[in-house]
Amino acid sequence: MLSWMQKHKKYLVVTIWVSTIAFVGAGFVGWGAYDLNSNRATSVAKVGHRNISVQELQQKYDRLYQYYNNVFEGKLTQEKAEELGLENAALQAAIQENLLLNFADDIGLSVNKDDVLKYIIVDPTFQKDGVFDKNLYYDVLRRARINPTDFEDNLKLIILLDKLRTILNLPASKEDIAMMEASFFMQDKLAVQVVNADQNEIKADEKELKDLWEINKNNYMTKTLYGIDTYFVESEKSDANESVLKSYYNENQDKYKGSDDKIKPFSEVKAEVNKDYNIEQSKTNALEKYVAVKKAELATNGFISVNEDNATFSLDEIKGAKVGEVIKPFIYKDGYLIARIKSITPPQPMSFEQARANVLEIYKSKKEKEILTAKAKETLQNFKGTDVGFVSREVNGSIAGLNESDTRAFVSQLFDTNNTKGYVILDDKAVVYDILEQRLLTNNINNNYKQITQQNVAMLKNNELIKDLTNKLLKYYEVKEYVKR
């Protein structure tokens, strides 16, 4: 059993930490469990004889949230998560996993304390100098805010699933590998002819433009418009002595970096430092005026109407505010601006005149593709391409008439088609091609590629197997959901 754990340890290490560390980035989700039955109150669903707890579902959701948060470079919001349907995806994943767990139970698979212990003691995370350290084990879990019992219970489920996958594992056959190698290591000898677009051929038809706008007008929305009553507090215009300014400069040096990210010397930025210092000294006065405006003891003396296109300050200062709310003073020009939200006009469909420039871009792109397609078809009928030799998926450099980026895009689409003659439409050009000859470079495939190919084939086969199995198990195990989708 120990050798089995060691063999599959890499898979388990990743899975266990992802599965057990919950509530990291997503926050708690209200799953809407509404049934007050004692069994159902703590569960969101029941699959066969296994209950899916709120905690288990939250862990699945958190895993998905973290994945998509990485995709969105740390900018995933709860609103976007709802739009992506992560809650439903998490519930579906939990149901599929529990279908497999039911099946594992019914065919007699189980996990005991020894299985869990043997895994834990070989995990380097819990070792000192290559030896399991009990104190380190508890310390790691404590710092991760994971209860040891919860960790080990989760680990049992993961080990049970991995045992099932090991039993069901389908190795990659020679035929499978050969097919994959033919896909990845095939080379095509090509003749190509590049057809370019001509912007002068595109004539805008106003009726067609209006029709296109009418169909898609909900895609052309105005920006949220804020009507703001303002009170501007101009900064003091005093010339502070050099000693004071140097002290301020030393405390705020990061504000005075050049394009090379180096801090500019005081002598170069003295005027800027003086301006910033005066603005800073005006902050107390601005806050006093803010309180007076908020209490209606001081009237605003200006009005501006702003959206994202014309704002001369960051709208982050006012986004989320409500009508009537007074915003704390923020730096604006050479002083502070106090703002009271007078009105908020939400986005609405643009008129055709407002949206015309945007519609025209889409129209031209559509017409360009139509013209390129017609030219490519005509060229294909009278093809006189240039022989560019053999190319493969891992093409380096460029094909005559194309830059490297266009070459990669063309080759990628080329190897995804079964046509020996045809064309590929790129952004502003079409590549007409004829495959003159094909060859398979299996003799030049190194061992690393062979191993990767074998692993990919096995992964694809087993993923399909698990997918087919879970679909079949839906007919054998009853699924009861206690939450509303």
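Me: At what angle do helix H6 (residues 113-121) and H8 pack, and how far apart are their axes?

Reply: The angle is about 100 degrees and the axes are 10 Å apart. Axes are lines fitted to C-alpha atoms, for helices over the stretch in contact, with angles running from 0 to 180 degrees between N-to-C directions. This is a predicted model, in which local features need pLDDT of at least 70, side-chain atom pairs count only at pLDDT 80 or more, and totals for chains, interfaces and linings use all residues. Residues are numbered from 1 along each chain as its sequence is written, and side-chain values use heavy atoms, without hydrogens and water.

Me: Why are H6 and H8 called roughly perpendicular?

Reply: Angles of 65 to 115 degrees count as roughly perpendicular. The angle of H6 and H8 is about 100 degrees, and therefore the two helices are roughly perpendicular to each other.

Me: Which residues in H6 meet H8?

Reply: Asp-115, Val-116, Tyr-119 and Ile-120 do, and their partners in H8 include Phe-151, Leu-155 and Ile-159; contact means heavy atoms within 4.5 Å. By class, the contact of H6 with H8 has six nonpolar, no polar and four charged residues.

Me: What makes Arg-145 exposed?

Reply: Exposed means over 50% relative accessible area (1.4 Å probe, protein chains only). Arg-145 has 81%, so Arg-145 is exposed. Arg-145 sits in the loop between helix H7 (134-143) and helix H8 (148-168), and its phi is near 60 degrees, a positive value in a residue other than glycine.

Me: Why is Lys-333 called exposed?

Reply: The relative accessible area of Lys-333 is 59%, so Lys-333 is exposed. Lys-333 is in the loop between strand E8 (326-332) and strand E9 (335-345). Helices (H or I, at least four residues) and strands (E, at least two) are DSSP runs, numbered from the N terminus.

Technical notes:
Buried means under 20% relative accessible area, exposed over 50%, partly exposed in between (1.4 Å probe, protein chains only). Angles under 35 degrees count as roughly parallel, over 145 as roughly antiparallel, 65 to 115 as roughly perpendicular and the rest as oblique. Ala, Val, Leu, Ile, Met, Phe, Trp, Tyr, Cys and Pro count as nonpolar, Asp, Glu, Lys and Arg as charged, and the others, Gly among them, as polar.
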